Amino acid sequence: MLQTIRDKSSGWMAFTILGLVIITMAFFGVESYFSPKIETYSAKIEGPAKFWIWGKQVREISQDRFQRRFEQARQAERSRQGEAFDSARFEAIESKREVLDRLIDEEVLAMAAERDGITIGEAEVAAELKQMQEFQVNGQYSADQYRLGLASRGLTHGQFVATVAADMASRTVTGEVASTGLATDAELEAYLVLAREERDLELIDLPTPAAPEAPTDDDLKAWYDSHGDRYTRPEQVAIEYVEIDGATLEVPTVVDEQTLRERYDEQRSRYVTEPVRTAAHILVSVPADADEAEVEAARERAQALADQAREPGADFAALAGEHSDDIGSKADGGMLGPIEAGVFEGPFQDALFGLDEVGQVADPARTPEGWHVIQLADLEPGSERSFEEVRGEIEAEYLATERDRVYSELGNRLIERIYRDPTALAPAAEEVGLEVNRTGLFARDAGEGIAAIPEVRQAAFADAQRVDRQVSDAVEIGPNHLVVVHVVEVEPAALIPFEDVRERVRADLVADSLSKASQAQAEALLERARAGESFTDLASEVGRTVAELPAVSRQAQLPPALIEEAFRLPVPTADVASVGMVRLGVDRHALVRVVEVREGEVGELDDATREALRQQLGQARAVVEAEAYVRALRRQFTVTVAEDRL
């Protein structure tokens, strides 16, 4: 048996199998057979393969990146809603998927730009970087600020430039699609008719049902057990941190006179402007290979023109127009415009800068083109601010620069020391002379003191800090203001004991009962209204009156939910009432009935207003088309979402 296998192993089939094994190992590595890969992404996007199974684009959205974006969305929503913000509701999977979908769309656009060869030049990227406010000091781009910003992100210059270029390329894709958004006259007319439509409404503001019977302990415990996510204390961390605030650093308050004078000399061009001379000329050209006699004849002709130009009442422009051989300037009376020192070197410059009065004409000056008769057409005197005049300004600038320098040097020393040992903060702080502070426990979405700053919490909850306990990179929290954090304590998420949240559970259960009772009441009355019962009778039954709302437009100052429902309902007919239900609050509903619908009147619009409205409509269409393009593009890629890791 073994001999048979040996004999057959030398055939063509054996070589074919061996070749396939070698190719597979070359592409995927031997280690892939022994080390199972542990997936950690929140989402993975795969593009179609270019050649069978090779050349496939693959991008992953890490859990850390998703958590950073989700935290940003949380802060934005908290700012928008204020006290009404419900952190527990925001943690729902729907909110997380919405944030993740935006990240996926960004990656799909970036992959499409890469696939289609859309590239951004170095000059464009550099211009974009210099416009980023985070890299500016006093409104100007700062190389030191840029280096600190990259250090806080843990990125190299090449990595960051590649990221910016990819982002610009992906924005180019949607920008080109959006730029095609247009609106025709017919569409504008239809839009105006719809936008100006008015509806007469009737409204019954339903009362909140009576409070249910007081829940029992069993009711409370059952609610608590089934809604544990509402009563879970989120994961918390405590950090040690070092803070560098440029505004509090000790810097020299006095500058010696010699240093200020040297700075004045270095920047003299800021305080001294040279006189600006405007020249006109008449050129008597001489061929490059002309003999001495020909050169002399040209000089004599030029001298005669100079003498003529010096005569009282002479018109230099007319002489230039008639006699100059310079085709480019003779039509303008020989005018050359303002000329700075160094533009024309040699005899031409010497002749021009030897003139002191406007209208003065110099003797002919020789250049390779021939002989020039030069007139000083205008002279703007220069200006000079003496050292004494600008001493205070120079000193203030110098001290501000010193503060930036001290801040940058201290920050760089701290970062370099941390890189040598990223597992402990105290040794680095001690080496550079900074104090280590500590916070109490705080959650991902709220904190006190330094932990109230979103960027600090974001750094503290990054996997590298929270899980691996590494010291963070520099976190920029303001101009010339950075923080470095080190997580020293982690308290996992845990269910709060029932007794600690009993009253909160009671309030939530009662509110939920009222909400459901209000919903049920509104739905029952809505069915009766649709069946033809009188709005007046229904209102009377619940102790309300029917409110009449005539001529309501889409721009009316009414609750948005009411406007949306009122204009969603169909036009009423003799046989079918147009009735709907609106949720106005947690435990408050209303019934709304459309009585009459009137089309909007376009009226006369001036051209400027019409064009402005057309552009607005075109921009709205551009947004919709760009979103549709992204949805269509996304269908070309395979997206895998790991909801269990969100």
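Author: Let us begin with a definition: a residue is buried under 20% relative accessible area, exposed over 50%, and partly exposed in between. Please keep in mind that this is a predicted model.

Reader: What makes D217 partly exposed?

Author: The relative accessible area of D217 is 48%.

Reader: What makes the buried residues of α11 lie on the same side of the helix?

Author: In helix α11, which spans residues 257-266, the residues T259, L260, R263 and Y264 are buried. They cover an arc of only 140 degrees around the axis, and therefore they are on the same side of α11. The face turned away from this buried side carries D265 and E266, which are exposed. Against the buried residues of α11 pack α12 (268-271), β8 (272-273), β13 (383-384) and α17 (387-420).

Reader: Why is D200 called buried?

Author: The relative accessibility of D200 is 16%. The cut-off for buried is under 20%, so D200, at 16%, counts as buried. D200 belongs to strand β5, residues 198-205. Leaving aside residues up to four places away in sequence, D200 touches L549, P550, A551, R593, V594, V595, E596 and R598.

Reader: How do you know that the side chain of D200 reaches the backbone nitrogen of A551?

Author: The distance from the side chain of D200 to the backbone nitrogen of A551 is 2.7 Å. A polar contact requires a pair of N or O atoms within 3.5 Å, and the value for this pair is 2.7 Å.

Reader: What is stated about phi of A551, and why is A551 called partly exposed?

Author: Phi of A551 is near 50 degrees, which is a positive value in a residue other than glycine. A551 is found in strand β19, residues 547-552. With a relative accessibility of 37%, A551 counts as partly exposed, because that class lies between 20% and 50%.

R469 also has a positive phi, near 60 degrees, and is a residue other than glycine. R469 is placed in the loop between α20 (463-466) and β16 (475-478). Its relative accessibility is 32%, so R469 counts as partly exposed.

Reader: Why is α5 called roughly perpendicular to α8?

Author: Helix α5 (residues 93-115) and helix α8 (residues 157-178) pack at an angle of about 90 degrees, and their axes are 8 Å apart. Angles of 65 to 115 degrees count as roughly perpendicular, so α5 is roughly perpendicular to α8. The contact is made by L109, A110 and A113 of α5 and by A169, S170, V173 and T174 of α8. By class, this contact has five nonpolar, two polar and no charged residues.

Reader: Where does F160 lie, and what makes it buried?

Author: F160 lies in helix α8. Its relative accessibility is 6%, and buried means under 20%; F160 therefore counts as buried. F160 and L150 are ten residues apart in sequence, with their C-alpha atoms 7.5 Å apart in space.

Reader: What makes α9 roughly perpendicular to α24?

Author: The axes of helix α9 (residues 185-195) and helix α24 (residues 607-634) cross at roughly 90 degrees and come within 10 Å. Roughly perpendicular covers 65 to 115 degrees, so the term applies to α9 and α24. From α9, the contact involves D185, E187, L188, E189, Y191 and L192, and from α24 it involves R610, L613, R614, L617 and R621. The residues of this contact divide into five nonpolar, no polar and six charged.

Terms used: Residues are numbered from 1 along each chain as its sequence is written. This is a predicted model: local features need pLDDT of at least 70, side-chain atom pairs count only at pLDDT 80 or more; totals for chains, interfaces and linings use all residues. Side-chain values use heavy atoms; hydrogens and water are left out. Helices (H or I, at least four residues) and strands (E, at least two) are DSSP runs, numbered from the N terminus. Buried means under 20% relative accessible area, exposed over 50%, partly exposed in between (1.4 Å probe, protein chains only). A polar contact is a pair of N or O atoms within 3.5 Å; within protein, one must be able to donate a hydrogen and the other to accept it, and residues adjacent in sequence count only if both atoms are side-chain atoms. Contact means heavy atoms within 4.5 Å. Axes are lines fitted to C-alpha atoms, for helices over the stretch in contact, and angles run from 0 to 180 degrees between N-to-C directions. Angles under 35 degrees count as roughly parallel, over 145 as roughly antiparallel, 65 to 115 as roughly perpendicular and the rest as oblique. Ala, Val, Leu, Ile, Met, Phe, Trp, Tyr, Cys and Pro count as nonpolar, Asp, Glu, Lys and Arg as charged, and the others, Gly among them, as polar. The arc is that of the directions from the helix axis to the C-beta atoms.
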